[in-house]
Amino acid sequence: MDNPVRKVILRIMDMDTDIIIVGGGLNGPALALALARTGQTVTIIDALPAETRTDAEFDGRSYALALTSQRLLQGIDIWNRVAADAQPMLEIKVTDGHAGHGPSPFFMHFDHAEIEEGPMGYMVEDRHLRAAFQAAMDTTPGITQVNGRRAVAQDVDVSRVSVTLDDGRQVCGRVLVGSDGRNSGTAARAGIRRTGWEYGQTALVCAIAHEKPHNGIAHQFFMPPGPLAILPLTGNRCSIVWSESTDQARRINTLDDEGYLAALRPRFGGFLGEISLAGGRFTYPLNLTLANRFIDARLALIGDAAHGVHPIAGQGLNAGLRDVGALAETLTLAARRGEDIGASTVLERYQRWRRFDATTLALATDAFNRLFSNDNALLRVGRDLGMGLVNAVPGLRRGLIREAAGLTGELPRLMQGKPI
């Protein structure tokens, strides 16, 4: 009865869950499934109702998943649910030029046949991924879902972290994970500041139907205002991520559908025949934002809450899934060793693993966007010659193909196709 640590022992036992995840999206559910499969208990809090996340109507949003991200999804029982609706990316063609004038004669062409592992990646519609995650969470023991509620406060002590919801309820656990986007409330409440800047660009996002087959080829066309990505979906459809100056994007987005297509056609070209809209239209401002640290007391950040990058290379979700694989592996191995999974020494391992890589990606996409999103004649000559050189040297080309497939760097076990 006189044991001085008795209160601490009692508080350690007073837990609702091992890990609390704030933020649904895709990274949060992926982490919940990865952890639950290793026997840990997870509570995931999402502001959206479950029925909103699982709306079966196609709204035009899609994701480019690198090969290693596909492996992770396979390891957490998601890939088998979406594979039939996934479009392999067999080739990537990168060109430079002006709208209405066609591409430069210098280009980069990446073919999946140059690597042994398979397609460089897959395109999957948002609606299929979200429905698959919801179905998997509904049937996986150890996952508690709190839908339609926001986290409004958090508190940390020596043995646990608690989160207060907007209805007054509290959830207690050993680790809190912020997966709540670029304006992460979890990070802000922990006093984690951010570094970043605006690009003066806005992405116009939609899906199109077209006459001719795309043959699994993804295109990236760099124009002075910003890049246009044309990414193959199943059937004769493509996902479009089209970057323009903010004022121009605002003007284009106010047009009706036919006016919108009239603005897109000279940028898109005629290589896929006639085009029409398939699904909704979206815009979002482009910026770079990096959390100054990825961890705090009993807290870790993943995905856009840790690093929001320019979509120029389509690596946003892939970087987030790397966070998922690294954090799941770090926490699971610590638990097996009998460590406190919320200890700073454990969370520091995750930060060391991911922060340098995420920062490097952010700065690389920033530099690439600044290099290509301009009409400087000298820079244009230099980048065109550079693309021609890369395309002519098999070793350089193969290295970039492996980078696009996510096969470089220190991969979590789930991204190697291995269980934790």
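Visitor: Which residues is leucine 73 in contact with, leaving aside its neighbours within four places in sequence?

Guide: Leucine 73 is in contact with Leu65, Ile78, Trp79, Leu129 and Phe133; contact here means heavy atoms within 4.5 Å. A word on sources: this is a predicted model, where local features need pLDDT of at least 70 and side-chain atom pairs count only at pLDDT 80 or more, while totals for chains, interfaces and linings use all residues. Residues are numbered from 1 along each chain as its sequence is written, and side-chain values use heavy atoms, with hydrogens and water left out.

Visitor: What makes a nonpolar core?

Guide: A nonpolar core is a set of buried Ala, Val, Leu, Ile, Met, Phe, Trp, Tyr and Cys residues joined through side-chain atoms within 4.5 Å. The largest one has 70 residues, and Leu31, Leu73 and Ile76 have the most contacts inside it. Helix 10 (residues 316–336) gives the largest share of this core, eight residues; helices are DSSP runs of H or I with at least four residues, strands are runs of E with at least two, and both are numbered from the N terminus. Apart from that core lies another, of 32 residues, including Met123 and Ile401.

Visitor: Why is phenylalanine 268 called buried?

Guide: Buried means under 20% relative accessible area, exposed means over 50%, and partly exposed lies in between (1.4 Å probe, protein chains only). Phenylalanine 268 has 4%, so it is buried. Phenylalanine 271, at 35%, therefore counts as partly exposed.

Visitor: Why is the pair of phenylalanine 268 and phenylalanine 271 called stacked?

Guide: Rings of Phe, Tyr and Trp (its six-membered ring) pair if their centres lie within 6.5 Å; planes under 30 degrees apart count as stacked, over 60 as edge-to-face and the rest as tilted. These two rings are 5.4 Å centre to centre with 20 degrees between the planes, so they form a stacked pair.

Visitor: What puts the charged end of arginine 61 over the ring of phenylalanine 282?

Guide: The rule asks for NZ of Lys or CZ of Arg within 6 Å of the ring centre and within 35 degrees of the ring normal. Arginine 61 sits over that ring, 5.5 Å from its centre. Arginine 355 sits over the ring of phenylalanine 294, at 5.9 Å.

Visitor: How do you know that strand 10 and strand 11 pair?

Guide: Two strands pair if DSSP finds at least two bridges between them. Four bridges join strand 10 (residues 161–165) to strand 11 (residues 170–173), so these antiparallel strands pair. One link is that of serine 162 with its bridge partner cysteine 172.
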